[in-house]
Amino acid sequence: MIYTDQHVHCQSSPDSRTPLREMAAAARDRGMSAVCFTDHIDMDFGDLGDLRWETRKDILRAAWADIRENPAEGITVRCGIELGEANHDPAAAKEAALEPGLDFVLGSLHNLRGKPDFYEYPYTSEEQCAQLNREYLAELLELTEFPYFDAMAHIGYTSRYMHRDGFAAEITAENCRDELAAVYEALIAQNRGIEINVSGLRTGHTSYPNASALALYHDLGGEIITLGSDAHTPEDASVGIREGAELLRTIGFRYYTVFEQRKPVFFPLA
């Protein structure tokens, strides 16, 4: 099977210190044939500073130009962005998403409008976590109205940090079916997809979305699904991609998706 990682960060993101080529080499050494760098552009931001396109574009363009002019050895490198909170400032987000030459735009939501990143959020109870998950899913549905991303990133991102802080809150097809289905159905109708983000598998938890939520996407007819490690260090680069592919196979998916020049290409899960 051909493996690719469609969600990787390098020092072009303020939460990574690793040069792009070093990250690409780490992905290659873990058996990836290709990797897509999806460094952060966010409409809202916290301790990481100003992540708007206007502020970050020169950094990203320089990295992309360098790798295009001098390709990495032994691995295909594609260029994308992780576009956060596009629904909070659609006009500014549109400018970033329509940057010429991008292969892939991940649409993500790291914080609710007017609230801190879920990474920074103070969690106090299972009930509070469940309410935040409902509010998060409502904003994801709002995000589907922004038409300029290709796949929705790490659905269930909230659980990453709820787990870290000792809470068991999950977004599953059992406890959030209607809300999840509304998000999925909107994306499917628009011929867009979702990501299986395998970062949680590195910490002994779940993928985002988890198996239950992925099965609902499959049952609703979802076919466009990318594999991403969400790695920020060489130690994490592409770790979990094989396990994510196996999970997709067990659920019943036959293909996973890679975006090239904003177009989906399907690779067999075999």
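Helices here are DSSP runs of H or I with at least four residues, strands are DSSP runs of E with at least two, and both are numbered from the N terminus. The model is a predicted one: local features need pLDDT of at least 70, side-chain atom pairs count only at pLDDT 80 or more, and totals for chains, interfaces and linings use all residues. Residues are numbered from 1 along each chain as its sequence is written, and side-chain values use heavy atoms, with hydrogens and water left out.

Helix α5 is a handy place to start. This helix covers residues 157-164 and is mostly covered, with seven of its eight residues buried (buried means under 20% relative accessible area, exposed over 50% and partly exposed in between, using a 1.4 Å probe and protein chains only). The buried set is made up of Y157, T158, S159, R160, Y161, M162 and H163. Their cover includes α4 (126-143) and β6 (193-197). After α5 comes G166, which has a positive phi near 95°.

Two packed helices are described by the angle between their axes and the distance between the axes. For α4 and α5, the axes come within 10 Å and cross at roughly 165°; axes are lines fitted to C-alpha atoms, for helices over the stretch in contact, and angles run from 0 to 180 degrees between N-to-C directions. The pair is therefore roughly antiparallel, on a scale where angles under 35 degrees count as roughly parallel, over 145 as roughly antiparallel, 65 to 115 as roughly perpendicular and the rest as oblique. The crossing of α4 with α5 is right-handed, a label used if the near helix is turned clockwise from the far one by less than a right angle, with left-handed used if anticlockwise. On the α4 side, C129, L132, N133 and Y136 meet Y157, T158 and M162 of α5, where contact means heavy atoms within 4.5 Å. Sorted by type, the residues of this contact are five nonpolar, two polar and no charged; Ala, Val, Leu, Ile, Met, Phe, Trp, Tyr, Cys and Pro count as nonpolar, Asp, Glu, Lys and Arg as charged, and the others, Gly among them, as polar.

Helices α6 (residues 177-189) and α7 (residues 211-219) form another pair, with axes that come within 10 Å and cross at roughly 45°. That angle makes α6 oblique to α7, and the crossing is right-handed. Here R177, L180, A181, Y184 and I188 from α6 meet A213, L214, L216 and Y217 from α7. The contact between α6 and α7 comes out at eight nonpolar residues, no polar and one charged.

Most residues other than glycine have a negative phi, and most peptide bonds are trans. E85, though, has a positive phi near 60°; this residue sits in the loop between β3 (76-84) and α3 (90-97) and is buried, at 0% relative accessible area. S238 also has a positive phi, near 65°. S238 lies in the loop between β7 (225-228) and α8 (241-251) and counts as buried at 4% relative accessibility. The peptide bond from Y208 to P209 is cis, with omega near 0°, and P209 belongs to the loop between β6 and α7.

As for cysteines, the structure holds zero disulfides (a disulfide being a pair of cysteine sulfur atoms within 2.5 Å). For C10, the nearest cysteine sulfur is that of C79, 9.4 Å away, and C10 is buried at 1% relative accessible area. For C79, the nearest cysteine sulfur is that of C36, 7.0 Å away; C79 is buried too, at 2%.
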